[in-house]
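User: I have a new chain open on my screen and would like to talk through how it is put together. Could you take me through it, starting with how the helices pack?

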Amino acid sequence: MSDTSGRMYRFPPLDRTGWLLGLSGAQCVILAAGTLAAGLLLDARAPAPAVVAALALAVTAAFAPWDGRPAHQWLPALARVGFLRFTGRHAWVAELPFLSRRPDDAARPPSLPPFLDGLTLTDAGSLAQAAGPAASPGGVAVVHDRRHRTASASLRAGGCGFALLERAEQDRLVALWGDVLAGFCAERSAVVSVRVTEWAGPDHLSEFERFADQRRRAPTGSPAVDSYRELLADAGERAARHDVLVTVTVALHRLRRHRGKGSAQETASAVLLEELRLLTGRLEAAGVDVAGPLSLTDTAEAMRMRADPTVVRAARRRNRSLAAMAGLVSPWNWGPLATESDWDHLRVDGALHRTYWVAEWPRLDVPAGWLEPILLHAGGTRTFTVHCEPVPPSRSRRRIDRDATRLAADGEQRSRAGFRVGARHHRSEAAVLEREAELVAGHNELEYAGFLTVTAATDEELKRSCADYEQAAAQAGLELRPVHGQHDLGFVCALPVGRGLATRRTL
């Protein structure tokens, strides 16, 4: 009998200490502004209802809950949606170029919506000498972000049946994955983020049907052929295709010590090639199958697949020999043609997207395979993203000292004011002590955030898929919150780029 016991993992709670007695900075500012307004109204001898209204409005904005969040947290999203609606920027349509383009227009970037504006795809050359046989023969694609001054490159990774392994083997692979991420937590490293996107969508098994047609030896009406087609028809409803991409992002302002004679983009491309080479070696040592860095056509296809999966499925039904040589999606045609940002979803061409932020990770100790309910759920198209930001050891020590001091001061302040110090506060203090112990033991620290983007073709299908994944996330111990008013920015988190929602304020 095999041993089913294994290591358990614990996620620290989000730090909600705040500025004063557990109040966040926004709540303190709103209450101070309400009190100041009430004082000015009293000084101006305004009627009593106006003074009370100013105080009531401040208290309502600071504490009134709506959909599980205080009202003041919805104000930026409401203001943003109102601004986009007022300026007409919520809807966007691409400029369609003429087929007979001039030679000087070849380097012109495609027309992109506002939330993707500034992204360009370039070829950084081949990685064959650095990465060996795992390199892509078509060169390595680098996504340059002019707005945030970053550069990103991705590679495709594959698993080894993690859910079917023994608990001890799963724990070993998780530890090796930690070593992979720890390689980015170096002092003065140019890497600012590592993003892992796991896309899953229905697979219609058309390739299996063509394979059966080409290699069958039995006549069409034989029981063997009919049984095989019944098997494909039954499995087609539950079959899913998975695609895992690991994206490394470097910041241009951190490349000073790497500067050579080339430009900043050339230096960023060279640093990315070296980081991908080192990452490939660490992943292979951790037992992860690496298919190599993405080329221009691979990156364009990944962008289009996540934006509108129906387009890529239609492209796969074209001439396979021509598609294999030229790529399914052109590098200059990876952007969408039309987008429309609404309060509760984003429409990109013929697909609807709704993005959730992982507001709470499991509060109880979980095993290594705790994400199986959501990763193995075959209920539509979705992209699960984990965005990691490596923290150098020196910054980790400063943050640990700062967090420990703030928690101690907040607990003492609550005790003196007669407020109760709850279990969440004590658990936060214990989490800081655990972080300090792990740092002293030689482990590294990463900031992380999780996002789930659900994709569907219709409103009804989107609602049904979202309900299924919300239930699957609850089984895994995750609390999901839709990023209403920011679904266009949330959709960017599902792409192999370094741009997305700001995470520092939530971690």
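Analyst: Gladly, with the reminder that this is a predicted model. Helix 1, which covers residues 25-43, packs with helix 2, residues 48-63, at an angle of about 175°, and their axes are 8 Å apart.

User: Are helix 1 and helix 2 parallel or antiparallel, then?

Analyst: They are roughly antiparallel to each other, because the angle of about 175° falls in the range over 145 degrees that counts as such.

User: Which residues of helix 1 and helix 2 meet?

Analyst: On the helix 1 side, the residues are Gln27, Ile30, Leu31, Gly34, Thr35, Ala37, Ala38, Leu41 and Leu42, and they meet Ala50, Val51, Ala54, Leu55, Ala58, Val59, Ala61, Ala62 and Phe63 of helix 2. Sorted by class, this contact of helix 1 with helix 2 has 15 nonpolar residues, three polar ones and no charged ones.

User: And how do helix 5 and helix 8 pack?

Analyst: The angle between helix 5 and helix 8 is about 170°, with their axes 9 Å apart, which makes helix 5 roughly antiparallel to helix 8. Leu176, Trp177, Asp179 and Val180 of helix 5 meet Leu279, Arg282, Leu283 and Ala285 of helix 8, and by class that contact has six nonpolar, no polar and two charged residues.

User: What is Val248 in contact with?

Analyst: Apart from neighbours within four places in sequence, Val248 is in contact with Ala151, Ser152, Ala153, Phe184, Val191, Ser193, Leu272, Glu275, Leu276 and Leu279.

User: Arg306 sits in helix 9, so how many residues of helix 9 are buried?

Analyst: Ten of its twelve residues are buried, so helix 9 is largely enclosed by the rest of the structure. Among the buried ones are Glu301, Arg304 and Arg306, along with Leu296 and Met303. Helix 9 covers residues 296-307 and reaches 17 Å from its first C-alpha to its last, close to the 16 Å expected at 1.5 Å a residue.

User: Last one: what does His487 touch?

Analyst: His487, in helix 16 (residues 487-492), touches Asp342, Trp343, Asp344, His345, Leu346, His353, Arg354, Thr355 and Pro482, leaving out residues up to four places away in sequence. His487 is buried, with a relative accessible area of 0%. Thr355 is 132 residues from His487 in sequence, while the two are 5.8 Å apart in space, C-alpha to C-alpha.

How values were computed: Residues numbered from 1 in each chain as written. Predicted model: local features only at pLDDT ≥ 70, side-chain atom pairs only at ≥ 80, totals over all residues. Heavy atoms only, no water. Contact = heavy atoms within 4.5 Å. Helix = DSSP H or I, 4+ residues; strand = E, 2+ residues; numbered from the N terminus. Expected span 1.5 Å × (residues − 1). Buried < 20%, exposed > 50% of the residue type's maximum accessible area, 1.4 Å probe, protein only. Axes fitted to C-alpha atoms, helices over the stretch in contact; angles between N-to-C directions. Parallel < 35°, antiparallel > 145°, perpendicular 65-115°, else oblique. Nonpolar A, V, L, I, M, F, W, Y, C, P; charged D, E, K, R; others polar.
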